[in-house]
Amino acid sequence: MEVKEKLAKVIAFSNHKGGVGKTCSACNIGAGLARKGKKILLVDIDPQANLTASLGLNVGESNVYQLLLKNCAPEQTIYNVYENIDIIPGTLDLAGAEIELSVEIGREKLLGKALKSILHKYDYVLIDCPPSLGILTTNALAFADEVIIPLSAEPLSMQGVEKLVQIIEKVQDSVNTDLKLGGVLITRFDGRKILNKELAEVIEDFFKETTFKTRIRDNVSLAEAPHSKKDIFRYSAKCNGALDYESVCEELLMRN
Ligand SMILES: Nc1ncnc2c1ncn2[C@@H]1O[C@H](COP(=O)(O)OP(=O)(O)O)[C@@H](O)[C@H]1O
Ligand SMILES: [Mg+2]
């Protein structure tokens, strides 16, 4: 009898607005799932490479740029950070990749093509997208099973979300008909601020049950942890940030 290999679920963290918690969420959802015994591959496709830096990696020769544009084997670009967590580092070289990629054949599918052969080694592949909707983000969406949209409960946060939803629909209509909106994650939530509460309700109203029940509270440890080059569970296991990301991980596992 042929046993079908179980392949990783691929989740892209995307929002073209910066500072909404994409990197923080990819890092800490990855770490939270790893603590629950899941095998995680983080992929940093943001030229700013914040995810890479926040886990203490020096960007070496082998990174996502080599993977996408130099035909480097995926195994050569993967680094182990902690138990159950590997990463393919990002690099500033990616800043020019939008232009370089624009002339490549099958340019939206390069990431998927490059990583297909290692999907069976992981439970989740989490992709941290840049704050733009260019070809790098399209590569992530073309490859992903799901997209998670982190949204900070701040003024103007809903601005441009329609554009992102349109892009997701375009990808669903063309290169990836199976792409799902996996969830909208409210971040940097401060229940003491009336405006924050109102905005969270607007978001929940708009996205309905697609919104995660867990709201990630504004928590100083979440801002500090990257400077210590640690995920939130290793930095401060009992802080609100750790509790909230743990709770999102539980929701994710329930949904899947
Ligand atoms: N819930 C939170 N509470 C406090 N600070 C946060 C929270 N989420 C993210 N941050 C901090 O806010 C900044 C932007 O978050 P980041 O995850 O880098 O956003 P993005 O990747 O969307 O640009 C970072 O300095 C990060 O450490
Ligand atoms: Mg980021």
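**View 1. Isoleucine 148 and its opposite number in this predicted model.** Find isoleucine 148 and look across to β7: the residue standing opposite is glycine 183.

**View 2. The whole open sheet, strand by strand.** Now step back and count along: there are seven strands, in the order β3-β4-β2-β5-β1-β6-β7. The sheet is open, and its pairing is mixed. Which strands stand at the edges? They are β3 (79–82) and β7 (180–187); each has a single partner strand, so one side of each is left without a neighbour in the sheet. Going from one strand to the next, the twist averages 25°.

**View 3. Helix α1 packed on the sheet.** Helix α1 takes in residues 22–35 and touches β1 (9–13), β2 (40–44), β3, β4 (85–88), β5 (124–128), β6 and β7. Compare the direction of α1 with that of β5, and you get an angle of about 165°.

**View 4. The shell around ligand 1.** Here's ligand 1 with the 17 residues that surround it. The closest are Gly21, Lys22, Thr23, Cys24 and Ala223. Helix α1 turns up again here: it gives three residues, the largest share of the shell. The elements giving two or more residues are α1 and α10 (220–224). What kinds of residue make up this shell? Seven are nonpolar, seven are polar and three are charged.

How values were computed
Residues numbered from 1 in each chain as written. Chains lettered and ligands numbered in written order. Predicted model: local features only at pLDDT ≥ 70, side-chain atom pairs only at ≥ 80, totals over all residues. Pairing = 2+ DSSP bridges. Helix = DSSP H or I, 4+ residues; strand = E, 2+ residues; numbered from the N terminus. Axes fitted to C-alpha atoms, helices over the stretch in contact; angles between N-to-C directions. Contact = placed C-beta atoms within 7 Å. Near = placed C-beta within 6 Å. Nonpolar A, V, L, I, M, F, W, Y, C, P; charged D, E, K, R; others polar.
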